[in-house]
Amino acid sequence: MTQSQRCNRKRTHSPLIALFFLVFIVCSILYNELSIQRIHQDSHHDHQEAPVRYIQPNLFDRKSEVLDRFSKCNATREYSGSKIGWADPRVKSGRRRVGSERCDVFSGKWVFDNASYPLYNESQCPYMSDQLACHKHGRSDVRYQYWRWQPHNCNLKRWNATEMWEKLRGKRLMFVGDSLNRGQWISMLCLLQSVIPENKRSITPNAQLTIFRAEEYNATVEFLWAPLLVESNSDDPVNHRLDERIICPDSVLKHSSQWEQADILVFNSYLWWRQGPVKLLWSSEENGVCEELDGLGAMELAMSAWADWVASKLNPLKKRVFFVTMSPTHLWSREWQPGSEGNCYNEKIPIDLEGYWGSGSDLPTMRMVDKVLSKLGSKVTVLNITQLSEYRKDGHPSIYRTFWETLKPQQLSNPPSYSDCIHWCLPGVPDVWNELLFHFL
């Protein structure tokens, strides 16, 4: 082979060698990139949130001490993400009771009816609260007493006190919740008491559990103060105005021990969860360390602990359970009258815009409650009072009530600042809630 031929052969192999090295370098780069990507993926996986810890609620071996208004958190830490793993979240208890077969009684309008309403006289009900007796405390316009709820395609069962007592014969009817549920309880007493002779009825002094007895029917109508459903440091029916709200989110045992013997239970919960963050003291916590959570999240925990009791303890053949949805507030008149800067004070007629929804009713809360209740099926009957009560901006006490102390002249001169646009005058809106209860019983 000549020198020239050998040189040509070397030139022929040179591009192949260069191409081989180029491919090797590219493959090395790609391999390194993939390795780096895997490292990042593994690192990201290592830092993912830990699986949710489910806590079994309502255990009988919990710590012996209970929360009261003197309870404090020794320390507060960030919410851990723990959830309530109640009895069987997949429980199917049959078709849910939300309305009658023929008609949605929660969809309708308010009709002025001064022939049939009010169903009782404010001054003739000895159990009337000064917080709700608006006419007694100076409200001269009493049109709020004459409105009747009219469903669109049917009629509500007409209220009959004697028939209601027959439904209650030999039974305990108990309202459980906050001051709005107490207002519904007072409404029920006013609706029922007139047909019971004075010497055949009695009521216990005001306490956490207050009981009205009708001797001839061997029946009671009771109210249990439990504003957050689960055990809390606000369970004192009088001294519950506290700067720090603490709940035991996995336990209704303190309250269920009082309500479990009732035959008909009417629960509510909403307003107290709208007042800022809540401290969670789990039953297993031995050092008094609390977690902090927003009101909606804390309410979902409490509702789940309550639902666990309903799912595991309730026999629907022996007990009826009702849940009353949130009672709306009317704090901002600009929501129904754009440009105004008032509230419910001096409002005299309902809102006539069908489907009106104000900021006093929180849709995320409504959805959460619906999610929890839907798992209970027919074990719970829902009294959906929210939309029908939304229309009644005229139904609140505003300045016409006494609560804790009488309003001073300078307060009365500034109604928008001191109006109660949360609770309801009686006779009034809560009477219709009780007509709905009567309808479903």
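User: Let's start with the helices. At what angle do the axes of α2 and α3 cross?

Analyst: In this predicted model, the axes of helix α2 (residues 161–168) and helix α3 (residues 179–192) cross at roughly 115° and come within 9 Å. That makes α2 roughly perpendicular to α3.

User: Which residues in α2 and α3 meet there?

Analyst: From α2 you have Ala161, Met164, Trp165 and Leu168, and they meet Met188, Leu191 and Leu192 in α3. By class, this contact of α2 with α3 has seven nonpolar residues, with no polar and no charged ones.

User: OK, and how do α3 and α10 pack, what's the angle?

Analyst: About 75°, with the axes of α3 and α10 lying 9 Å apart. That makes α3 roughly perpendicular to α10.

User: Who does the touching between α3 and α10?

Analyst: On the α3 side there are Leu180, Gly183, Gln184, Ser187, Met188 and Leu191. They meet Pro430, Asp431, Trp433, Asn434 and Leu437 in α10.

User: And how do the residues of that α3 and α10 contact divide by class?

Analyst: Six are nonpolar, four are polar and one is charged. As for Met188 and Leu191, they are in the list for α10 and also in the one for α2.

User: Switching topic: how many disulfides does a search of the whole structure find?

Analyst: Five disulfides turn up. One of them joins Cys73 to Cys290, with an S to S distance of 2.0 Å.

User: Where do Cys73 and Cys290 sit in the chain?

Analyst: Cys73 is in the loop between β1 (54–55) and β2 (75–78), while Cys290 belongs to strand β13 (residues 289–293). The two are 217 residues apart, and the pair links distant parts of the chain.

User: Is the Cys73 and Cys290 disulfide left-handed or right-handed, and why?

Analyst: Left-handed, because the torsion about its S-S bond is about -85°.

User: Now pockets. How much space lies in the second largest pocket?

Analyst: About 260 Å³. Its lining is made up of 15 residues, and Tyr54, Lys83, Ile84, Glu300 and Ser304 lie nearest the centre of the pocket.

User: Which elements give two or more residues to that lining?

Analyst: Those are β3 (83–84), α5 (295–313) and α6 (363–374). The largest share comes from α5, which supplies four residues.

User: Last topic, the backbone. Which residue does a cis peptide bond join to Pro118?

Analyst: That would be Tyr117, and omega for the bond is about 5°. You'll find Pro118 in the loop between β4 (108–112) and β5 (147–151).

User: What about the peptide bond from Leu426 to Pro427, cis or trans?

Analyst: Cis, with omega near -5°. Pro427 is in the loop between α9 (415–418) and α10 (429–440).

User: And what's the phi of Leu229?

Analyst: Leu229 has a positive phi of about 65°, although it is not a glycine.

User: Where is Leu229 found?

Analyst: Leu229 is in the loop between β9 (219–225) and β10 (246–247).

How values were computed. Residues numbered from 1 in each chain as written. Predicted model: local features only at pLDDT ≥ 70, side-chain atom pairs only at ≥ 80, totals over all residues. Heavy atoms only, no water. Axes fitted to C-alpha atoms, helices over the stretch in contact; angles between N-to-C directions. Parallel < 35°, antiparallel > 145°, perpendicular 65-115°, else oblique. Contact = heavy atoms within 4.5 Å. Nonpolar A, V, L, I, M, F, W, Y, C, P; charged D, E, K, R; others polar. 1 Å grid on protein atoms, 1.4 Å probe; cavity = no way out; pocket = protein on both sides within 12 Å on 5 of 7 lines; lining within 4 Å. Points joined across faces, edges and corners; volume = space filled by probe spheres on them. Disulfide = S-S within 2.5 Å.
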